[in-house]
Amino acid sequence: NGHRSPAVHRRLHRRPGTAHAMAASSLSSAFPVAAATAAAGVRRVHRTSTPTSSSAPSRVRASFGGLSLDTGAGGGLSLDGRRRLGASRAVVDAAAESLAVDAPSSSTAGVDWEALDATIVNQTTLAILDKALEMFGDELAIAFSGAEDVALIQYAALTGRPFRVFSLDTGRLNPETYQLFDDVQKHFGINIEFTFPDEKAVVDLVNAKGMFSFFEDGHKECCGVRKVQPLRRKLKTLKAWVTGQRKDQSPGTRMAVPAVQVDPAFEGVEGGPGSLIKFNPLTNATSQEVWDFLRVMGTPVNALHANGYVSIGCAPCTRAVLPGQQEREGRWWWEDAAMKECGLHSGNMTADERAKQDAREATDEDIFVDGSVTALTRTGIEALNDEVVHPHTTLAVLYAPWCPFCQAMVGGFEEAAARLTARGVHVVKFRADADEKAWSQETLALASFPTLLLFPEGRRGFVKLGSERRDADSLDIFVNSIVGAAAAPVV
């Protein structure tokens, strides 16, 4: 592009009959972060292309921070370490392994995507992303959310190929996210392609339901208007896209994140099922590995990460997480109960799911059976709820023995029961599934299993535990905050 700086010296070797547009446009961003860090400033980048074929491998040679990179004639990238930079440099070494910098493919027709996935899934992030760019060129774009997926942009820059980046501006992002967009554009010398929601759709939603309807009826409608529809519109202009999905973000469905796949949800520019290809180069990377890479490369990151934010989305729907909390607890936290409903909303089930649910509810197996928790019938819990003034404090769990979340709290609840019983608190359980479900929903505010209710001494009605903290210490705090730390001995 004609730009030359003291820190980065480039030379293009042109040969007759060879297209150099890709090389000329990409060299300025081939190793930008390495140039920005003291330990890895780019000194020289040389790119040559063979004169015989536009599809033959090109060659990139570069040196930075005492390390030299050379794709060689065969297109394989190697790192020659002339200076020890510690464990962090190993992250870059591993990422650069087996990179091939070839010219873009002319066609992807007839590609067996499952077979390709099997071939590349265990390759490095850098190699997978380079393959994506090789195959699709400017018909592919990287989706950038403003979080740690900035690593994809860093890797794309290291390939030496031109690349496109797009982002969805929902209109409700954090200021720090907008700042990161600006920082990334300046750092890499790129223009992010921003996509916005349809104005009329947003106006109609907000005028009909207000600014915060997602707190009342879930986030899906708002996300549909502000994110999914604009994303769908953008993807209809592409043949392939790149996401930052990782297997460790959803350990329960690890095989659901291949390195490359036919997108099952969206369509590409040609339209119809199978018209869009999705690459997930970070699939095998862990969060720790991504952050090691970002730190060693000096890549700009969202300032919210330093304030405890792990997963970052729109401002109203994102919060910091505490030590020990899972990553997902920072997003749509008010919906956790609905996501853990253990079959309460059976109207949304298929016939198969309904049959499985009926079989679970038919079980005679029980939980909370160590003797510390008293079982109540419908008559018993109804009488407790109807008391005008409770003569003593009672902690009740509404449960279903087949529910995994109920099963997971057995140890903590029984430990809490032993503590609380010694202080005069009655601890009871009521099986609220099957025929008792509808009544419990209407009378006892059952929304999900398990539900914990405290019936305080000297008062009427109950107080519902408002969080998912069901360990013994948290239940102690819950009871103490309502009735005090001291309780009268059992009479």
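Two strands are taken to pair if DSSP finds at least two bridges between them; helices (H or I, at least four residues) and strands (E, at least two) are DSSP runs, numbered from the N terminus. The model is predicted, so local features need pLDDT of at least 70 and side-chain atom pairs count only at pLDDT 80 or more, while totals for chains, interfaces and linings use all residues. Residues are numbered from 1 along each chain as its sequence is written, and side-chain values use heavy atoms, with hydrogens and water left out.

Strand 6 (residues 140-143) pairs in the parallel sense with strand 9 (residues 240-242) over three bridges, and here Leu140 sits opposite Ala240. Strand 6 also pairs with strand 7 (residues 165-168), again parallel, over two bridges, with Val165 as the bridge partner of Ile142. Both faces of strand 6 are covered: Leu140 and Ile142 on one side, Ala141 and Ala143 on the other, are all buried (under 20% relative accessible area, with exposed over 50% and partly exposed in between; 1.4 Å probe, protein chains only).

Next comes the loop between helix 11 (287-297) and helix 12 (336-339), where Gly313 is found. Gly313 is buried, at a relative accessible area of 10%, and its C-alpha lies 6.8 Å from that of Leu173, 140 residues away in sequence. Asn302 belongs to the loop between helix 11 and helix 12 and counts as buried at 1% relative accessibility. Leaving aside neighbours within four places in sequence, Asn302 is in contact (heavy atoms within 4.5 Å) with Gly146, Glu176, Thr177, Leu180 and Ile312.
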